[in-house]
Amino acid sequence: MKLRTKVAPLALGLVFAVSTARVAGAQTPPPAAQPAAQPAPAAQPAPAAAAADATFTGGVGVLLVQVKGDQTAAYESLIAKLKESLGKNEKPERKAMAAGWKVYKSSEPMNGNTLYVHIVDPVSAGQNYLETYKLISETFPAEVQDLYGKTKDAFVPGGLGRLNLTLVSALGGS
């Protein structure tokens with residue numbers, strides 16, 4: 001067995017062991033805009049944890065997100081709407097975020113959950129990559145509350161990891 005096939009799972013496990021951030025409640029959507037004549041909807045419950053921050057400081061950022069095994073379709077619909085939103089958003093900072101952001105799904109389960117790996121290369125400085133609902137609401141304000149309701153329970157508590165990466169060496173080139 002090659003060394004990298006032995007080391008990769010250990011490294012990934014170490015990332016989760018070190019990570020203490022929480023996803024539950026980390027992505028609370030902004031309140032939906034209401035016409036002045038209508039009363040505001042009931043407030044969302046307070047998040048279980050403070051909003052997580054994924055503003056990267058390195059040249060490359062990695063987010064590791066665990067999603068409950070039976071909630072992958074809901075999470076992937078969230079990612080699809082995020083992609084659509086960023087594609088239609090005219091703000092230069094949103095275009096820059098989308099340009100370097102890729103989302104991968106692990107084939108191997110993690111404690112019955114599914115692991116999604118977000119790789120951001122290059123990072124768009126000063127942008128929080130965990131403000132998913134806010135990013136979607138900039139383009140689709142009428143849809144974000146419904147999307148939040150469908151996806152808020154998909155996340156595994158404590159199942160978020162963040163890495164800021166700085167290139168040490170490009171072994172295959174300059």
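**Entry 1. Ground rules**

I am working with a predicted model, in which local features need pLDDT of at least 70, side-chain atom pairs count only at pLDDT 80 or more, and totals for chains, interfaces and linings use all residues. Residues are numbered from 1 along each chain as its sequence is written, and side-chain values use heavy atoms, with hydrogens and water left out.

**Entry 2. Overall make-up**

I looked up the secondary structure and found 5 helices and 4 strands. These are DSSP runs, numbered from the N terminus: helices are H or I with at least four residues, strands are E with at least two. Along the sequence the pattern reads α-β-α-α-β-β-α-α-β.

Next I checked burial. The protein has 174 residues, and 36% of them count as buried. Buried means under 20% relative accessible area, exposed means over 50%, and partly exposed lies in between (1.4 Å probe, protein chains only). The protein exposes about 10300 Å², and carbon and sulfur atoms supply 59% of that area. The areas come from the Shrake-Rupley method with a 1.4 Å probe; for residues, only the protein chains shown count as cover.

I also checked contacts, meaning heavy atoms within 4.5 Å. Among contacts between residues at least 6 apart in sequence, 80% join residues at least 24 apart.

**Entry 3. The sheet**

In what order do the strands lie? I read β2-β3-β1-β4, an open sheet of 4 strands with antiparallel pairing. Two strands pair if DSSP finds at least two bridges between them. β2 and β4 (155–165) stand at the edges with a single partner strand each, so one side of each has no neighbour in the sheet. The twist from one strand to the next averages 15°. Axes here are lines fitted to C-alpha atoms, for helices over the stretch in contact, and angles run from 0 to 180 degrees between N-to-C directions.

I then went through the pairings. β1 and β3 are antiparallel and share 8 bridges. Val65 has Tyr116 in β3 as its bridge partner, and Val62 stands opposite Ile119 in β3. β2 and β3 also run antiparallel, joined by 5 bridges. Tyr104 has Val117 in β3 as its bridge partner.

Is β3 mostly covered or mostly open? It is mostly covered, with 7 of its 8 residues buried. I also noted that α2 packs on the sheet and touches β1, β2, β3 and β4. The direction of α2 makes about 20° with that of β3.

**Entry 4. Aromatic rings**

I counted 5 aromatic pairs. Rings of Phe, Tyr and Trp (its six-membered ring) pair if their centres lie within 6.5 Å; planes under 30 degrees apart count as stacked, over 60 as edge-to-face and the rest as tilted.

I looked at Phe56 and Tyr129 in detail. Their ring centres are 5.5 Å apart and their planes stand at 45°, so this pair is tilted. Phe56 lies in the loop between α1 (3–18) and β1 (60–68), and Tyr129 in the loop between β3 (113–120) and α4 (132–137), so the pair ties together parts 73 residues apart in sequence. Both Phe56 and Tyr129 are buried.

Trp101 pairs with Tyr129 edge-to-face, at 4.8 Å centre to centre and 80° between the planes. Trp101 sits in strand β2 (residues 101–105), so this pair ties together parts 28 residues apart in sequence. Trp101 is buried, as is Tyr129. I therefore logged Phe56, Trp101 and Tyr129 as one aromatic cluster.

I also checked for charges over rings. Lys81 lies over the face of Phe140, at 4.2 Å from the ring centre. The test asks for NZ of Lys or CZ of Arg within 6 Å of the ring centre and within 35 degrees of the ring normal.

**Entry 5. Loop residues**

Lys91 is in the loop between α2 (72–88) and α3 (92–99). Its relative accessibility is 36%, so Lys91 counts as partly exposed. Lys91 and Glu138 are 47 residues apart along the chain, and their C-alpha atoms are separated by 9.8 Å.

Last, I looked at the backbone. Most residues other than glycine have a negative phi, and most peptide bonds are trans. Asn111 is not a glycine, yet has a positive phi of about 55°. Asn111 is in the loop between β2 and β3 and is exposed, with a relative accessible area of 74%. The peptide bond from Asp121 to Pro122 is cis, with omega near 5°. Pro122 is in the loop between β3 and α4.
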